[in-house]
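Let's walk through this protein together, from the overall fold down to single side chains. Keep the viewer open as you read.

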Amino acid sequence: AASGRFRKAKIDLTKTPFLNWSWKISDALSGIDETVKAGDDFSARVYIVVQRGIMGLSSLSVNYVYASQHPAGSAWPSPFTERVRLLAVDSGSKGLNAWVTHKRDVRADLREQFGEDIVSVDAVALMTDTDNSGRHAQASYGDIWFSSE
């Protein structure tokens, strides 16, 4: 199963490049390989979407994820497409059942992951999913906002 929320919002990263959010994770998805399609599941993820191409077919996305296998600070491409990069901001059992706050420089992360200076994003989405591994996960999300600092 999977659940998510998607919101279109044009964000000017030259003025507000920092994404701020908090989440509380109840379950880690241990024992899955997040680099293959069968393991591409996360207790929590925040998508940043840059829409491109006809009907968004060439869109880019950075996903900030609560990883089960990869350590916090690691990044890898989605097993489904090179246009999506996954960045582990939390991992394993550390921080479970507690509110954890994050702040990321989205413009810098997009530059590092895609090699270009992207100055705006078009949407933000939240998702908790276990559709590929068939596991169980639960997450709560706090306020999400962009800031200049």
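The report below goes from the fold to the core, the salt bridges and the surface.

## Before you start

This is a predicted model, in which local features need pLDDT of at least 70 and side-chain atom pairs count only at pLDDT 80 or more, while totals for chains, interfaces and linings use all residues. Residues are numbered from 1 along each chain as its sequence is written, and side-chain values use heavy atoms, with hydrogens and water left out.

## Overall fold

The protein has one helix and nine strands; helices (H or I, at least four residues) and strands (E, at least two) are DSSP runs numbered from the N terminus. In sequence order the pattern is β-β-β-β-β-β-β-α-β-β. The radius of gyration is 14 Å, close to the 15 Å that the globule rule gives for 149 residues, so the protein is as compact as a globular protein of that length. Here the radius is taken over C-alpha atoms, and the rule is 2.2 Å times the number of residues to the power 0.38.

Along its principal axes, the C-alpha trace spans about 40 × 30 × 25 Å. Take the contacts (heavy atoms within 4.5 Å) between residues at least 6 apart in sequence: 71% of them join residues at least 24 apart.

## The nonpolar cores

Buried residues (under 20% relative accessible area; exposed is over 50%, partly exposed in between, with a 1.4 Å probe and protein chains only) make up 47% of the 149 residues. A nonpolar core is a set of buried Ala, Val, Leu, Ile, Met, Phe, Trp, Tyr and Cys residues joined through side-chain atoms within 4.5 Å. The largest one has 25 residues, and Trp23, Tyr64, Val106, Leu110, Val121 and Phe146 touch the most other members. Strands E2 (18–25), E3, E4, E6 (84–91) and E8 (120–129) and helix H1 (106–114) each give two or more residues to this core. A second, separate core of six residues includes Phe42, Val65, Trp76 and Ala88.

Beyond residues up to four places away in sequence, Leu110 touches Leu13, Val50, Val62, Gly115, Glu116, Ile118 and Val121.

## Salt bridges

The whole structure holds seven salt bridges, each a side-chain nitrogen of Lys or Arg within 4 Å of a carboxyl oxygen of Asp or Glu. One of them pairs Glu116 with Arg52 at 2.6 Å, N to O. This pair links distant parts of the chain, with Glu116 in the loop between H1 and E8 and Arg52 in the loop between E3 and E4, 64 residues apart.

Arg107 bridges to Asp117, with the closest N and O atoms 2.6 Å apart. Arg107 lies in helix H1 and Asp117 in the loop between H1 and E8, so the pair ties together parts ten residues apart in sequence. Arg45 and Asp40 also meet in a salt bridge, at 3.7 Å, N to O. Arg45 is buried at 3% relative accessibility, and Asp40 is buried at 6%. Shared partners join Asp40, Arg45 and Asp129 into one network.

## On the surface

Leu57 sits in the loop between strand E3 (42–50) and strand E4 (60–67) and is exposed, at 66% relative accessible area. Asn97, in the loop between E6 and strand E7 (99–105), is exposed at 52%. Its phi is near 60°, a positive value in a residue other than glycine.
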